Amino acid sequence: MRIGCIIMASGSSTRFGGEKLVAPFLGEPLILHTLNALPKTLARSVVVTRSEAVRQVAVRCGVPCVLHQEPQRCDTIRIGLSEMDGMDGCLFLVGDQPLCSAATMQAMMDAFGRSPDRIIRASHLGAMGNPVLVPASLFDELAALQPGQTGGAVLRRHEQSVLPCEVDNPLELEDVDTPMGLSALESLALALRLSGISGVTSPHAVILSAGKDLLRFCRRSFASVRMTAWGWMTAWGVDNGNVGWSATRN
């Protein structure tokens, strides 16, 4: 089973107000965390971007990159799929989801291996998110998307084929849209590292080590199941880098 990967990195970052994907996150460009997490079992990977700065990060990681200036999201999908000849499926990643782990991507690939005619989608307690792994039978349909359409149009047409792949921690599904969101997600990862969890050396290890305890606490403390990064940070009582259990728990 040959599975390729397209890293979608062509967004305009309007809400961020700058080159979001190369903004620093835990001391490295944001997209670098995604590239470093790519499973070695992928048959092929390609970054599709309009940014020269992102291309340079991809080169640094040894990940092939297509630099283009096409305006639509469907263009990014089409360009990426042109690099997926011979693949049985394709994993679509976004470049601004830095805590998505190699273990999650591998679990999706394993699920696809068992059900190669299904669309595999990362999910947490019923909330669907990215990444998404699609079979080659849908490549032509995705490549034919029209301006203004996204891959979601194809997913909706094949809703019955979607197979959720459960993620232990919802933070793996969080992406970054604004500088505040980036800061919140980074502060949470740093706060958990400071909390003294043994063996924590990376953001992925932080999330996986603390995930179940955090979920248990947040289920008791918040009405919403799928917490935002800011909500998680508040729950842990993060204030200017100081970590303490929140006293506002009900």
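Predicted model: local features only at pLDDT ≥ 70, side-chain atom pairs only at ≥ 80, totals over all residues.
Residues are numbered from 1 along each chain as its sequence is written, and side-chain values use heavy atoms, with hydrogens and water left out.

**Salt bridges**

I searched the whole structure and found 6 salt bridges, each a side-chain nitrogen of Lys or Arg within 4 Å of a carboxyl oxygen of Asp or Glu.

Arginine 15 pairs with aspartate 177, with the closest N and O atoms 3.5 Å apart. Arginine 15 is in the loop between S1 and strand S2 (24-25), and aspartate 177 is in the loop between strand S9 (162-166) and helix H7 (179-194), 162 residues apart. I took helices (H or I, at least four residues) and strands (E, at least two) as DSSP runs, numbered from the N terminus. Aspartate 177 counts as partly exposed, at 28% relative accessibility.

Lysine 20 meets aspartate 96 at 2.7 Å, N to O. Lysine 20 is in the loop between S1 and S2 and aspartate 96 in the loop between strand S6 (89-94) and helix H4 (102-114), so the pair ties together parts 76 residues apart in sequence. I noted lysine 20 as buried at 11% and aspartate 96 as buried at 10%.

Arginine 157 pairs with glutamate 141, the closest N and O atoms being 2.7 Å apart. Arginine 157 lies in helix H6 (residues 151-157) and glutamate 141 in helix H5 (residues 139-143), so this pair ties together parts 16 residues apart in sequence.

**Helix H2**

Which residues of H2 are buried? In helix H2 (residues 52-61) I listed Val54, Val57 and Ala58. They cover an arc of only 100 degrees around the axis, which puts them on the same side of H2; the arc is taken from the directions from the helix axis to the C-beta atoms. Val59 and Arg60, on the other side of H2, are exposed.

At the N-terminal end I found serine 51 as the cap, with a side-chain oxygen 3.2 Å from the backbone nitrogen of alanine 53. After H2 comes glycine 62, with a positive phi near 75 degrees.

Note on methods
Buried < 20%, exposed > 50% of the residue type's maximum accessible area, 1.4 Å probe, protein only. Polar contact = N/O pair within 3.5 Å; in protein donor to acceptor, adjacent residues only side chain to side chain.
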